[in-house]
Amino acid sequence: MLSQDYQAFMERIYHYEVPTIRQVQHYVNENDLSHRMQMVSRIGDPGLAFSLYFPIIAGINFRSGIRFLGAAILCEWMNQVLKWLLFGERPYWWIPEAELFSSNPRSSLILLEQNRMTCETGPGLPSGHVMINLVIWLIMADTISGKILSKLNETSPIRIFVNRLVWFGFITMHLMVSGSRIYNLNHFPHQCISAFVCGIVVIKLAYHSQGWMTTNSRLTCLIKSLLFTISALGIYQGLLAQGVNPDWAIAKALKWCKHQEWIHIDTTPFYAMVRYSGAAFALGCILPSQKVQYELKQSELYSLSDQGLRIALGILWGMVSTLVHSMMPRKDLNLFYALEFVLNAFLIVFIAYLVPRISDIIFKRDHAVLEDKKRKSAKNKKLQTHHLKQRTKIDNPIVDIHLRQRKNL
């Protein structure tokens, strides 16, 4: 159980931040920006990290795409675990409860406006949207700027302009996502700030550090991928053993959400676990394969038409997966979670393994032949170098004699 000192400390923070939430809602409503704020939350949905942003990044640069996938999986896992351990309240249920038990009601705590994006069922600390969107847009900015700027001179005005434009877009998107989460009553401001810090940690561990991508053992990869699920379930069971209900936030959502139809199973921590577990399992299966390892080395060499095809195929399958997800039966939760695991795993396999093979067929590439040509070319170069050295050894004495004769003359 949480200590009373921690609970009292968090209560003071919640009280302090309520006026900020009220000001954000007042500004957005006064300027008629509510629909835009909801749209930003939809664009920043963590599920789109796998079905939309992963195929885009992988299409631009396959190596960056796999690095992004690893970062997204770690981000989802870390967010779920921290939410279970930190017990963060959400404004849309904490504010009316604080109002209900306040000795001076309606003084500073007021029930603010809910919308269709409000009623998420997991705990609020840290913000999953802010955390995953920092990962998405930072890697997107790094991938795009790296692709464009690598062809330009370092002192080129165009390079400087593009670099600033890309990173300005990253900062703008991050601020908009944070603002939308506060406006929708999903999070308190400190939950968005903590998510930013956690996102930076994820980038350092999974995106900048690339050692985990080079492996030849499929068993090792699968064990590592399963550790995400096993550790999350272990924490869940550990909390239950301590007499703590990790699903306490679901009851709060059911009690305080304005409309029950606004509550979706997609926002539960268990659904997030199924999503990243399926992606991690698929990554563990395909990462050691020769095809994926070859793509990691060749990702910089593909043409714009090839990259466009890969992006289009990936987004198309992401849309198909989203449609299938909407049709999943939800009455039996165990069946729903099992089907979602398979769906998310196959999504990753299709984008990271099958799409490159389809591209090879369309562009008539045979990597076995290309590799054979490379080996023969390297062998020929070695032979030529060897023959040249041998000829030099034989010819040197004759050259020396001729040179001496010319000197004597």
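Guide: A residue is buried when its relative accessible area is under 20%, exposed when that area is over 50%, and partly exposed in between, with a 1.4 Å probe and protein chains only. By that rule, 47% of the 409 residues of the chain count as buried. The model is predicted, so local features need pLDDT of at least 70, side-chain atom pairs count only at pLDDT 80 or more, and totals for chains, interfaces and linings use all residues. Residues are numbered from 1 along each chain as its sequence is written, and side-chain values use heavy atoms, with hydrogens and water left out.

Visitor: How many helices and strands does the secondary structure of the chain have?

Guide: Helices are DSSP runs of H or I with at least four residues, strands are runs of E with at least two, and both are numbered from the N terminus. The chain comes to 15 helices and 0 strands.

Visitor: What share of the contacts with a separation of 6 or more comes from residues 24 or more positions apart?

Guide: Contact means heavy atoms within 4.5 Å. Residues 24 or more positions apart account for 84% of the contacts with a separation of 6 or more.

Visitor: Why is Phe87 called buried?

Guide: Its relative accessibility is 16%. The cut-off is under 20%, so Phe87 counts as buried. Phe87 lies in the loop between helix H4 (62-86) and H5. Its phi is positive, about 55°, although Phe87 is not a glycine.

Visitor: Which residues does a cis peptide bond join?

Guide: Leu125 and Pro126, with omega at about -5°. Most peptide bonds are trans. Pro126 lies in the loop between helix H5 (91-100) and helix H6 (128-149).

Visitor: Is Ser359 buried or exposed?

Guide: Its relative accessible area is 0%, so Ser359 is buried. Ser359 is in helix H14 (residues 333-362). Leaving out residues up to four places away in sequence, Ser359 touches Asp306, Leu309, Arg310 and Arg365.

Visitor: What makes a set of residues a nonpolar core?

Guide: Its members are buried Ala, Val, Leu, Ile, Met, Phe, Trp, Tyr and Cys residues, joined through side-chain atoms within 4.5 Å. The largest such core has 91 residues, and Phe50 and Phe68 have the most contacts inside it. H6 gives the largest share of this core, 12 residues. A second, separate core of 7 residues includes Tyr271, Val274, Tyr337 and Leu343.

Visitor: Which residues does Phe50 contact, leaving aside neighbours within four places in sequence?

Guide: Among them are Leu69, Ile73, Tyr276, Leu347 and Ile351. Glu76 and Arg275 are also in contact with Phe50.

Visitor: Why is one space called a pocket and another a cavity?

Guide: The search uses a 1 Å grid over the protein atoms alone. A cavity is a set of points where a 1.4 Å probe fits but cannot get out. A pocket is an open set with protein on both sides within 12 Å along at least five of seven lines. Lining residues have an atom within 4 Å of a point. Grid points are joined across faces, edges and corners, and a volume is the space filled by probe spheres set on the points.

Visitor: How much space lies in the largest pocket?

Guide: About 1,100 Å³. Of its 43 lining residues, Asp45, Gly47, Asp266, Tyr271 and Arg275 are the closest to its centre. H13 gives the largest share of the lining, 7 residues.

Visitor: How many cavities of 30 Å³ or more are found?

Guide: The whole structure has 2. Residues lining the largest cavity include Pro55, Phe62, Arg310 and Ile351. H3 and H14 each supply at least two residues of that lining. Residues lining the second largest cavity include Ala58, Ser299, Tyr302 and Gln307. H3 gives the largest share of this second lining, 3 residues.
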